[in-house]
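Please work through each task before reading its solution.

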Amino acid sequence: MQTIKYFILLSFLAFSFSSCENFFETTLELDPPPFEKKLVLIANLKSGTDEFQVYVTENFGILDDEQITTLTDPKIEFTINGQVFDNYVRTIQDKGYLFIFDLANVDIKPGDVCRILVSHEGFPIATSAQVVPPKVELTNIKYVENGGLDTEGSEKSKVDVSFSDPSSKNFYETVVKANNTMGWYNNYFYTNLNEPGASEGLNYYDVIFNDLAFEGKQKDLSLLINRTFESQAREFEIAVVWRTVTEDYYKYVRTLNVYYDSNDNPFATPADVYSNVDGGLGIFYIVNETEYQIF
Amino acid sequence: MSLRLLFLMLFVSVFTKNVAQNSVISGYVSDIRNGEKIIGVNIYIPALDIGTVTNNFGFYSLTVPSGENVEISFSYIGYKTVTKILNLTQDVKLNIDIDPAIELEVIEITAEKSKKIERETQMSVAEIPIQQIKKVPALLGEVDVLRVLQLLPGVQSGGEGQSGFYVRGGSPDQNLILLDGVPVYNASHLFGFFSVFNSDAIKDVKLIKGGFPARYGGRLSSVLEINMKEGNNNEFHGNVGVGLIASKFTLEGPISKGKTSFLLSGRRTYVDVLARPFIKSEFKNSGTDGSTGYYFYDLNAKINHKFSDKDKLYLSVYTGQDKFYYDEKDLEGSIRDFTDTGLGWGNLTGALRWNHEVNNKLFANTTMTYSKYKLNTKVESGTEFTDENELDEIGLEYFSGIEDVALKVDFDYLPKPNHYIKFGISGIYHKFEPGLFILNQVNTRENENFNLEVGQKNIYATEYATYIEDDITLARNTKLNAGLHLSAFNVDSKFYTSLQPRLSLNQVLPNDIGLKASFATMRQYINLLAFEGIGLPTDLWLPTTGRIKPQDSWQVALGAAKSFDEFEVSVETYYKKMKNLIAYKDGEGLFDLSDWQDRVTQGDGDAYGFEVFIQKKKGRFNGWIGYTLAWTNRQFAEINDGKKFPFRYDRRHDISIVGMYDVSKKVNVAATWVYGTGNATTLANSSYSGPGSTIQTYGARNSYRMNPYHRLDIGINFVKKREKYTRTWSVGTYNTYVNNNPFFVYFANDYDYETGESTQKLKQVSLFPLIPYINYSIDF
């Protein structure tokens, strides 16, 4: 009995010694991790368009609250196959600068090398280059109402497409689109593809994939979309938007999706978004896009 | 010289007959008090300068030239040396009982010449007597074997309070943890704060972190052998202990004196039991009935039976469980909601061993083992409509685990004093359960009963191994341990094989400095898919498959050792290269239903470093200082842009100082101080406006260093011998000078209610500011 008394008394004293508040846990504030100040470029060039936009901004420390730009006079150089294009308009937009190049009279062809160089005092020079991807034509397009099942067994309509993949590493993005004939409603179908490695594209409705499994071969694909009922179908013009994209774009989209999927998950490993900007951050990509109307 | 030629020479030297007449001295060495066989007792004949050591079952054999009045000594640290004079005209069977030294004499025992550290072939090994482990201050007073091992050079803890360990840059799954020869797949309780090993049931602990002898295989980084006590063969004894979080008991004694003995040891936490009345009352106040709590328990049992001097049988079993539970049910009204959740995980291991002395030079040990680790999570909630006697309920259960059955036969063959040959064969049948979700929905009003099982199929695999090794005395001051380990793994109709050479060399210089070198290749067929930020019971054991390649490593180590009067000093440097390591791809992690093979990637790793170990074994004051300077890196094609990055537990400096002082027969004090470079982790360091939203950038993987870790623990034991029992009060403090050691860091948004502004901050969470402990135990 005496021993039990001792034990209880000493246990009480033991706990009294320790801090009463937050007994098992204390929280300290730390300095933020160091980072290098860089220019950020977001630039996408779509073949066949008249203008090319480059948005230039900067990165901020992770704990920086006021994200007010420190950029005052960014300089840009845009070249195609070494030829400089300087007919652009520069405007301040949000936290950065938007450069809009006029490409109305420029014929950009597959294989052309496009390069951007952005400089600003106090920042490392940011450069990025892209080769215009090949144009790959669809040779067959067929819409089948209720023609397929997705991976979960749900009934889908499908669009069968065929194309001949060039004998090099190629990357594709596609989506099925519905344009309302009355002109008041345009929509994208969530497009699915039962192919290994296919995943969501830059936009939620798109699907992106590579030719790892069929490089240099004829390929048939079934693009699965939500069902359109015949009565509704009459109101739509159904089209396939078909893009060949650069490898950097493919990597960017894949990592961006992983980033969004994992960013708020404490049980996921951190995922960085791919950047092809040397000395800076962001992405410069080129897509070669064609729209095929089915009906 | 080719490896084949070397082995041929060894073979010839072993089986060449001696011209001179020889005698064989063989037998067992036991503890006089309880009949427990003692491992590693040094048997030495000074006149001939030859000796050997007892094996894992206390057996020894020494072939010596015949002669008269030959003096032979048996010594073991902590025991009185026994010396015998023998007339060796024929083979001698000599079983020896050795007597522990009186408490304060323990430290005066001198190791004999051949047992000195500089003369041992094996390097990169640590053996800590369980009595010493029990003196080291412990978190909440729970003596923890794994936590003491973390105080050795080359062995690191994962983080604050964690009992998992990282050996020479390896990950926890690269440690083969054997309890009586059975692999234990999850060695921790309470998310890693305590290990599953109850110190009262343990006889000895041995950690090998490099220079692996050929008998070991299956893991890349370390082998931890923990042997349970056999049970007192002479009389009944026991121990009862009461601590702040757990109580335990041990009972051992003879079933048939001198022939059969048993050991039974148990431990259970009791916070849940003490809190139950208060929790019940809280639920009642809120109009519900329910319970919540957490507990873990361990149970060790062992029986051994001696059939004859040559045959012994051992049966040992371990089971342990952790359990969180929460259930609540409305007590009133016609619509009553209820919730029932639980998270449980645990191990069950068993070993049946048969020791057979084939002859006085050949000893066989046949072992059949079973090991199972299982995780079970359950979440159920629903509504009872009491008026209508109807039910609407949804439940989700998740299971994962691993189960092994194994058979192995090991032989010790001692043909000559200069050869100690070990060989054996083993087979393991593995069953992997990579995770299964069961969804069950019942709605009696709608007459619905929905049942869905989603998950991955069990994977079955078989693993085989055979080995041969020889510990050879090449010359008086030159020893070599050479061996080959051949392993194979059959899974997914794929058959992997691996031949792993092992070499250790010891050369004693004239000034009694032992120079050591070792080379070992290892292969590992099973992987722990763990989220690297935390150690959770949800971590999955998964096999090599047709897609996932086995992990491989090679390690080379160089070292020097010397014993002085009161000290032993050893320095070692090592380089380890690892291939086909497994890790989650960027953005992947826990709680995903997709195929685990799609979520992981394989890559390489390397680790190199320098270790210093200074140990004082004699005198009233004893202990050790360990220092490690180390680098550990990983490289995966799909992580960090394929660039090399530091492993999360890359720790440049790691220091441990352990001191124990016997003030008197009644009082002993101990203190430990540890310092470690902060863990590497990945944190977002900047952000920019991306298309549609802000994107954070992380910089290089594991490029952020947490604060360094350091801590002082102090403990005092007050021992008093009574007529029928000995009682011990243990008191102490963990983290005595209240250092805020990092547990994890995170970004938090602090909201100011006055200004209505929210500010993001980087915060460090520290556990255990100062944890005092007190334990009371009785040995009878």
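**Exercise 1.** Determine how strand S2 of chain B and strand S5 of chain B pair.

*Solution.* Strand S2 (residues 42-45) of chain B and strand S5 (residues 67-75) of chain B run antiparallel, joined over 3 bridges; strands pair if DSSP finds at least two bridges between them. Next, B:Asn42 has B:Ser75 in S5(B) as its bridge partner. The model is predicted, local features need pLDDT of at least 70, side-chain atom pairs count only at pLDDT 80 or more, and totals for chains, interfaces and linings use all residues. Residues are numbered from 1 along each chain as its sequence is written, while chains are lettered from A and ligands numbered from 1 in the order in which they are written.

**Exercise 2.** Characterise the whole of chain B by its secondary structure and radius of gyration.

*Solution.* Chain B contains 5 helices and 49 strands, taken as DSSP runs (helices H or I, at least four residues; strands E, at least two) numbered from the N terminus. Its radius of gyration is 28 Å, close to the 28 Å from the globule rule for 780 residues, so chain B is as compact as a globular protein of that length. The radius is taken over C-alpha atoms, and the rule is 2.2 Å times the number of residues to the power 0.38. Along the principal axes, the C-alpha atoms of chain B fill a box of roughly 95 × 65 × 55 Å.
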